[in-house]
Amino acid sequence: MAEQAVSLQIKRLDPSELAWANERYAEVDFLPSPATDFVAVVFVGDNPAALGRVTQLTATVGELGGMYVFPEFRGSGIAKQLVDYLVAECGLDTLFCLPFEKLHDLYAASGFLLHPPNDIVPEKVLSKHAWCNLHYPDRVLLMSRGSTGRPI
Ligand SMILES: CC(C)(COP(=O)(O)OP(=O)(O)OC[C@H]1O[C@@H](n2cnc3c(N)ncnc32)[C@H](O)[C@@H]1OP(=O)(O)O)[C@@H](O)C(=O)NCCC(=O)NCCS
């Protein structure tokens, strides 16, 4: 008999679960999400397997981040599906992200490019990028997708 396929669902986090999500983020030294973030949670069957989020910066611009696939669920494409879900569902035209350098190809596969050095970047993204590179031992990139190159 064929093995039953694992059912994977991605949903917007219920606001009552925000404290739980932030406890999970603390496990990987990620900043907590405010209630205004668009936070998504992946379920494998009934079990939460991953978190990701978009922080809205203006009416059309946001920062995608907080990608955390819980250790027992890694290596089966969940992060890639979660990035694509957030891009499709967040409703914003332009997204920045600040990934660890080793994950460049994961974000590039979803349309993110290294942000051109002289192009406009929101101050909040610039300061978070600088903070990340001081805070984490791994180098952190600045990538973006969508309508960049115009005033943000
Ligand atoms: C990084 C992380 C989100 C990846 O989750 P995942 O579900 O295992 O990733 P996927 O299976 O969707 O992998 C997608 C691609 O990224 C690559 N990738 C995943 N983890 C990687 C790593 N640590 N180093 C290099 N490449 C990696 C995979 O090889 C895969 O590439 P492929 O499609 O060419 O095979 C997960 O390991 C994690 O939560 N780590 C701790 C928190 C963290 O570092 N988050 C990222 C912040 S930028």
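Q: Is Ser33 buried or exposed?

A: The model is predicted, so local features need pLDDT of at least 70 and side-chain atom pairs count only at pLDDT 80 or more, while totals for chains, interfaces and linings use all residues. Residues are numbered from 1 along each chain as its sequence is written, and side-chain values use heavy atoms, with hydrogens and water left out. Buried means under 20% relative accessible area, exposed over 50%, and partly exposed in between (1.4 Å probe, protein chains only). Ser33 has a relative accessible area of 5% and is therefore buried.

Q: Where does Ser33 lie, and which side chains does the side chain of Ser33 contact?

A: A polar contact is a pair of N or O atoms within 3.5 Å; within protein, one must be able to donate a hydrogen and the other to accept it, and residues adjacent in sequence count only if both atoms are side-chain atoms. Ser33 lies in the loop between α1 and β2 (38–44); helices (H or I, at least four residues) and strands (E, at least two) are DSSP runs, numbered from the N terminus. The side chain of Ser33 makes a polar contact with that of Asp37 at 2.7 Å and another with that of Arg53 at 3.1 Å.

Q: Which residues of helix α1 are buried?

A: An α-helix has 3.6 residues a turn, so residues three or four places apart point the same way. In α1 (residues 18–27), the buried residues are Leu18, Ala21, Asn22, Arg24 and Tyr25. They lie on the same side of α1 because they cover an arc of only 155° around the axis, the arc being that of the directions from the helix axis to the C-beta atoms. The face turned away from this buried side carries the exposed residues Ala19, Glu23 and Ala26. Trp20 is also in helix α1 and, at 24% relative accessibility, counts as partly exposed.

Q: Which residues of α4 are buried?

A: Val125, His129 and Cys132 are buried in α4. They cover an arc of only 65° around the axis, which puts them on the same side of α4. Exposed residues Glu123, Lys124 and Leu134 are on the face turned away from the buried side. Helix α4 (residues 123–135) has 13 residues and reaches 18 Å from its first C-alpha to its last, close to the 18 Å expected at 1.5 Å a residue; the expected span is 1.5 Å times one less than the number of residues.

Q: How many residues surround the ligand, and which are the closest?

A: A residue is near a molecule or strand if one of its heavy atoms lies within 4 Å of it. Here 17 residues surround the ligand, and the closest are Met67, Val69, Gly75, Gly77 and Lys80. The shell divides into eleven nonpolar, three polar and three charged residues, where Ala, Val, Leu, Ile, Met, Phe, Trp, Tyr, Cys and Pro count as nonpolar, Asp, Glu, Lys and Arg as charged, and the others, Gly among them, as polar.

Q: Which polar atoms lie 3.4 Å or 2.7 Å from an oxygen atom of the ligand?

A: A polar backbone atom of Gly77 is 2.7 Å from an oxygen atom of the ligand. At 3.4 Å from a ligand oxygen atom lies a polar side-chain atom of Arg74, and a backbone N or O atom of Ile78 lies 3.4 Å from an oxygen atom of the ligand. The protein covers 62% of the 900 Å² of accessible area that the ligand has on its own, with areas from the Shrake-Rupley method and a 1.4 Å probe; for residues, only the protein chains shown count as cover.
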